[in-house]
Protein chains: 2
Amino acid sequence: MPRSPSKTRPITIKDVAQFAGVHASTVSRALNPATRSMVAQDLAASILRAAQELGYQPDHLAASLRTGRSLLVGVLLPDIANPVFAPILSGITERLIEDGYSTIVADAGPGAPSATTLLDGLIAHRVDGLVLATATRDDALVGRCLERNVPVVLVNRAEAQARVSAAVSDDMRGMQLAVDHLVGLGHRRIGHIAGPPTLSTGLLRLRGFEAAIRDQNTPLESFSQSATAYSREAGAEAAGRLLTAAPQITAIVAANDLLALGAYDALRERGLRCPEDISVVGHNDMPLMDLVAPALTSVRIEHRAMGREAAELLVQRMRRADASTRMVMLTPRLVVRGSTAAPRPEQR
Amino acid sequence: MPRSPSKTRPITIKDVAQFAGVHASTVSRALNPATRSMVAQDLAASILRAAQELGYQPDHLAASLRTGRSLLVGVLLPDIANPVFAPILSGITERLIEDGYSTIVADAGPGAPSATTLLDGLIAHRVDGLVLATATRDDALVGRCLERNVPVVLVNRAEAQARVSAAVSDDMRGMQLAVDHLVGLGHRRIGHIAGPPTLSTGLLRLRGFEAAIRDQNTPLESFSQSATAYSREAGAEAAGRLLTAAPQITAIVAANDLLALGAYDALRERGLRCPEDISVVGHNDMPLMDLVAPALTSVRIEHRAMGREAAELLVQRMRRADASTRMVMLTPRLVVRGSTAAPRPEQR
DNA sequence: CTGAAAGCGCTTACAG
DNA sequence: CTGAAAGCGCTTACAG
């Protein structure tokens, strides 16, 4: 490739202009599909060829400074190591790229700077919008974005006040599916490992659990313990508390899969078998949940679709500042596997 | 907060200058820690206060245009849904943020635009550097970066020509650990499910397998089949071929965990038990591999550390264009679990 | 130590 | 339909 550009200075629009014998502004118009029609067809064609020939690559940065749009969207994740966020992120980027946006990912996981610091960093890069997967029910970051006037949507977790649009799973319904399933199998004493009550998923799944218990025709005994975090360790710890407080339970509904896997650990430690002694239901149906032992019955959430929905909401908001605030709630479904079974006769 | 800025126009350096009664250039110097010493101490302090007061947020975009540095690093992933990339990404962002870089993630997974398109997008955002987790042994993208003069390092997978620095696992040694373990258990007929030979991990692990077989004192029979991709499905398919071609094998070493899980599927389908009939070893030791049934014996790679190393190499390269090209090879170790056991006596 | 000016690479009213 | 000019918000030689 003899026409490879000088390796020191990138080709600018001026270089193309000179090469094509026109003014830079004409090059700009010809290169941008939206303004191309302002330029005579054959001129536009020859400018395109010139750009190609010189290996011109546009500089988004400069364009952004002028237009005020960066074509960058920030995504703030609570912990990228949690497998549920990979498909969410994937759905987000997939949708955004259709509108020409690139995604800056910030991970607020262990060892990272504070979420506020990360948010400010994203804003400093002049992101056109933000997707927060980190929202607590009472979230200061949302207010910060609102103050700064940067479009923001939530994904997976919602805040209590619905100030901005969000794409979430129908958490209450998910728990209903789980409880109905267990009651159908004959369980009458059911425990819940709740997620942190500061998170919408934690609170709503707990409420969903309680509502589902109440809604049964059969009288049931129910118990719950909150985990301090959505992690396997916290799940094991909470399961331990639950089993100590209510040893008569025959089933556990966990607020998510990691907590359910923690419950597996706690059961094993106590010499209890799943599902023979205790049935366990998870929530999310993360990848590989069909392969753990026993295969986990779980409430499946379409995380990729959820990510796409969140991105869609954001795109609409970025297009029109007055786009209506909406909550898109995806309906989960139960995937039954080996971790749930009827209680043993003597357990009834 | 009555001093909350007008919601329409963000505060610029000029606003701060006016408020503090100095010139914009002085504000710029005072705000940047590197140039702060050029400004009289008390003046600097009052400028800082003014900026704080007005809620000034710097605009990286504008600074980038001027300085030619975007403080953005692009990371290109082959498939964000593959669990090994989460810790790699986490390690990368963790290290980069220490030097003030934000990370733009592009996912070249199923349904995404071509890697080349994604790369051009990252370059258009004027990233200061790139981490490619997508490298094939003969990678066109590396050449493209080199042409454009953008610093680039590879992670997890290396290219055949070592044109740029890379952080990888010692793939040959990993296979040696796996084969030594199996031979130590008494296996003498061992199969390998290889990864795609276009990837360094696929080729080197195959070579490592063959070398490890040769290096044993005992004469061994070995067999291998290549999977078309690093996925559970491709693993099942290749395991099927392997079991058909060499039904006498008593153990399978897979080039990665997803392939090993695919082998589980294939074994189950054929009514073979693991480890009673066939032992299986994976590679990567992804999250949850201790919980699948049977728990997978696997070659553990410290992915987070690998991500950090890659970021470190990139930072050095971004600081000094003439930084030496290096390959950092992390030493893996074997984690033995329930998927490997001695062959049954009649199998010997 | 501080100010005034130029300029990074674009886009877009404003003329013609 | 095309050109000339201004300006986005910074940083940094250049003066003083």
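So, domain 1 and domain 3 of chain A: their C-alpha centres sit 62 Å apart. Keep in mind that this is a predicted model. The domain assignment for chain A puts domain 1 at 13-58, domain 2 at 69-169 + 303-332, and domain 3 at 171-301 + 334-347.

Okay, over to chain B and a helix pair. The axes of α1 (residues 13-20) and α2 (residues 24-31) of chain B come within 8 Å and cross at roughly 100 degrees. With 65 to 115 degrees as the cut-off, α1(B) and α2(B) are therefore roughly perpendicular to each other. Who's touching whom? On the α1(B) side we have I13(B), V16(B) and A17(B), and they meet A24(B), V27(B), S28(B) and L31(B) in α2(B). By class, that contact has six nonpolar residues, one polar and no charged ones.

Now, salt bridges. Over all chains, the structure holds 46. One of them pairs R144(A) with D120(A), closest N and O atoms 2.9 Å apart. R144(A) is in helix α7 and D120(A) in helix α6 of chain A, 24 residues apart. R144(A) is partly exposed at 26% relative accessibility, while D120(A), at 17%, counts as buried.

Then there's E237(A) with R241(A), also with a closest N and O distance of 2.9 Å. Both lie in helix α10 of chain A, four residues apart, about one turn of the helix.

In chain B, R319(B) bridges to D99(B) at 2.8 Å. R319(B) is in helix α12 and D99(B) in the loop between α5 and β2, so the pair ties together parts 220 residues apart in sequence.

And back in chain A, there's a salt-bridge network whose members include E94(A), D99(A), R308(A) and R319(A).

Notes. Residues are numbered from 1 along each chain as its sequence is written. Chains are lettered from A and ligands numbered from 1 in the order in which they are written. This is a predicted model: local features need pLDDT of at least 70, side-chain atom pairs count only at pLDDT 80 or more; totals for chains, interfaces and linings use all residues. Side-chain values use heavy atoms; hydrogens and water are left out. Domain bounds come from an automatic or database domain assignment. Axes are lines fitted to C-alpha atoms, for helices over the stretch in contact, and angles run from 0 to 180 degrees between N-to-C directions. Helices (H or I, at least four residues) and strands (E, at least two) are DSSP runs, numbered from the N terminus. Angles under 35 degrees count as roughly parallel, over 145 as roughly antiparallel, 65 to 115 as roughly perpendicular and the rest as oblique. Contact means heavy atoms within 4.5 Å. Ala, Val, Leu, Ile, Met, Phe, Trp, Tyr, Cys and Pro count as nonpolar, Asp, Glu, Lys and Arg as charged, and the others, Gly among them, as polar. A salt bridge is a side-chain nitrogen of Lys or Arg within 4 Å of a carboxyl oxygen of Asp or Glu. Buried means under 20% relative accessible area, exposed over 50%, partly exposed in between (1.4 Å probe, protein chains only).
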